[in-house]
Amino acid sequence: MLKAESLVVSRYGSTLLNDINLDIKPQGLHVILGPNGAGKSSLLKALAGLLKADVGKVLLDTVDIQNIGISERSLSLSVLLQEQPLDFSFQVEEVVSMGAYIADKALQPPDNAIVDAMKVMDVMHLAKRDYTTLSGGEKQRTHLARLLVQVTRKTAYVMLDEPLKAIDLKHQITVMQHLKQMADEGTGVLLIVHDLSLAAQFADTVTLMDKGKIVQTGSPDEVMQPEILSSVFQTQINKTEALGQTLFFT
Amino acid sequence: MSNARVKASFWIVVLMLLPLMMLLSLLNGSSALPLTDLWEGSDLTHRILYELRLPRILVVMLCGGLLAISGAVVQALFRNPLADPGLIGVAGGAALAAVTWQVVVSATLGAGVWLSAGMPLAAFLGGMLVTFLVIRIARNASGISSLMLLLTGIAINTIAGAGIAGLKYLSDSMTLRQVTFWLMGNVQAASWWAVLLLLIVSIVFVPVLVRHAAALNILLLGEQQALLLGVDVEKTQRRLVVITALIVGAVVSMVGLIGFVGLVVPHLVRLINGPDNRFLLPMSFLSGALLLLIADLVARNVAAPAELPIGLITALIGGPVFLFMISYRQRERGAC
């Protein structure tokens, strides 16, 4: 179980996270929603151990995340951050293989892990291409494939900050379906998305954030009510059903 | 051509050219010697070959290799293909410290063995101080910015330049002459002692750098992402900064300022085989040795019997190459 206990994080004179209590279940797909600046990325970084807590702590199976060694942490958690500042002309398959940096030594993943990941994210045909010449969505899919390579049987949680950024509709569904499958097979998946309808379609648990605090955590039906969403996002949000799916529109 | 074949041919070409250029360099010079002199020449030719030319050739090669590999490491550390120990001020800081030592300590106390050992040490400390300073200033939350890096380098090079000019002004004419030649990159005074020191530095540190190549690749994804992939970012950075400062300090104290090798060589290797540091680091070491050997050959022959300072040649080649690199990157950016 990954757990945030009365977490407070302040940086540069402003409070990024304010008294966060949250359990991320070891199975299932957990989506964090919220407007820009709500503290979603900060929460994800704090849960990954990148942001140190000023008050409270993050526990991974009752151990403070700050006390877990760097390589061990990278085996338990696979994390994809929002910003990927890579600016060197690696081939796509070289970037993808970087996911195996630690696992290579510790677990020796199957040789085909890299190829499998590239197939799932549909970048196989780009394997030899220069990464810096790719489109934004292709770059993002390359990093997603790299993340999949990092995932092994030791991985307890996968966290992704806006994994659908710049990705076209077809591949958005591919990514979400694959994450859902991982979640169902016993990996805790935590992700930040902005598409409310996609969140409602795939999430098992939803956390809504605003101004550094958690507004509510629960099932999509409980949390994603038009009134609550409208007030948090400060814009009129309506909900409808079509072909058995919940859709949100403004 | 496939990746593996590019790599293999690269290795073969460089490894074949190196001994060839060494031989050429050994026999070529103010007095050209026939090949047979290598084993049956007179006392004089033997002295020219084994006490003047051979140590010089080895010093040149080791310095070229060390500068190139440390350039490649600095570029990966700063996640910036335009970083170079010279451009970002590390060599300048090392030079200022070394000149200070030469002018203030050696000139007042005389140049004993202990005192001459102090110069590499001073250069190392100067280089390391500047590296940490640059990292402190140029780093922000998302890493190290190219703009801040180059601006910091300009400022530090200005300060170092002013410091060196002031010290030159204060020094007597003998020291002034020494310092001036040394600053332009001077390999004429190369001795077997210099070879030994540089050889030790290479044998000890080059393997350490190469061992960090995979981690340096991951570091190019950004510091936070690298940490999440299992790289001990702080420890790696600290260790590599100290090692590159040591290498640059050793080279600067032996041969003075030789610019652009650390920038141009890794860039050329990257152009041919991509940015994978596991190949880039060892290949930069070999190519740097080869390139500086060629530069030295040019320096000795272009105005024979006079010799040009080797730093002048590398600057003449490296400056335009650097300009081309910047404008090429700029055009690439503009296109997309």
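**Entry 1: around C63(B)**

I began with C63(B) and looked up which residues it touches once its neighbours within four places in sequence are left aside; in this predicted model the contacts of C63(B) are L198(B), V251(B), M254(B), V255(B), I258(B) and L292(B). I then asked which residues have the most contacts inside the largest nonpolar core. They are M159(A), V59(B) and C63(B), in a core that has 179 residues. I noted next that helix 3 of chain B, residues 43-77, gives the largest share of this core, with 16 residues. As background I wrote down that nonpolar side chains tend to be buried together in soluble globular proteins.

**Entry 2: helix 11 of chain B**

I turned to helix 11 of chain B, which covers residues 233-255, and I wanted to know whether its length is what the residue count leads one to expect. At 1.5 Å a residue, its 23 residues should span 33 Å, and the C-alpha atoms at its ends are 32 Å apart, which agrees. I also looked at what follows helix 11 of chain B, and found G256(B), whose phi is positive, near 80 degrees.

**Entry 3: chain B as a whole**

I looked up the make-up of chain B, and recorded 14 helices and two strands. Its radius of gyration is 20 Å, close to the 20 Å given by the globule rule for 336 residues, so chain B is as compact as a globular protein of that length. Along the principal axes, the C-alpha trace of chain B spans about 65 × 55 × 35 Å. I noted that 47% of the 336 residues of chain B count as buried. Among the contacts in chain B with a separation of 6 or more, 79% are made by residues 24 or more positions apart.

**Entry 4: the sheet of six strands in chain A**

I moved to chain A, where six strands form an open sheet in the order 6-7-8-3-9-10, with mixed pairing. Why is one side of strand 6 and of strand 10 left without a neighbour in the sheet? Strand 6 (77-80) and strand 10 (213-218) of chain A stand at the edges and each has a single partner strand, so one side of each is left open in this way. On average, and with direction ignored, neighbouring strands of this sheet are turned by 15 degrees against each other.

I then followed strand 3 of chain A, residues 28-33, which is mostly covered, since five of its six residues are buried. Strand 3 of chain A runs parallel to strand 8 (residues 188-192) of chain A, and five bridges join the two. Within this pair I found I32(A) opposite I192(A), and L190(A) as the bridge partner of H30(A). Strand 3 of chain A also pairs with strand 9 (residues 205-210) of chain A, in the parallel sense and over four bridges, and here V31(A) stands opposite V206(A).

Definitions and conventions:
Residues numbered from 1 in each chain as written. Chains lettered and ligands numbered in written order. Predicted model: local features only at pLDDT ≥ 70, side-chain atom pairs only at ≥ 80, totals over all residues. Expected span 1.5 Å × (residues − 1). Rg over C-alpha atoms; globule rule 2.2 N^0.38 Å. Buried ≥ 20, exposed ≤ 12 C-beta atoms within 10 Å, placed from the backbone. Contact = placed C-beta atoms within 7 Å. Core = buried A, V, L, I, M, F, W, Y, C linked by C-beta atoms within 7 Å. Pairing = 2+ DSSP bridges. Axes fitted to C-alpha atoms, helices over the stretch in contact; angles between N-to-C directions.
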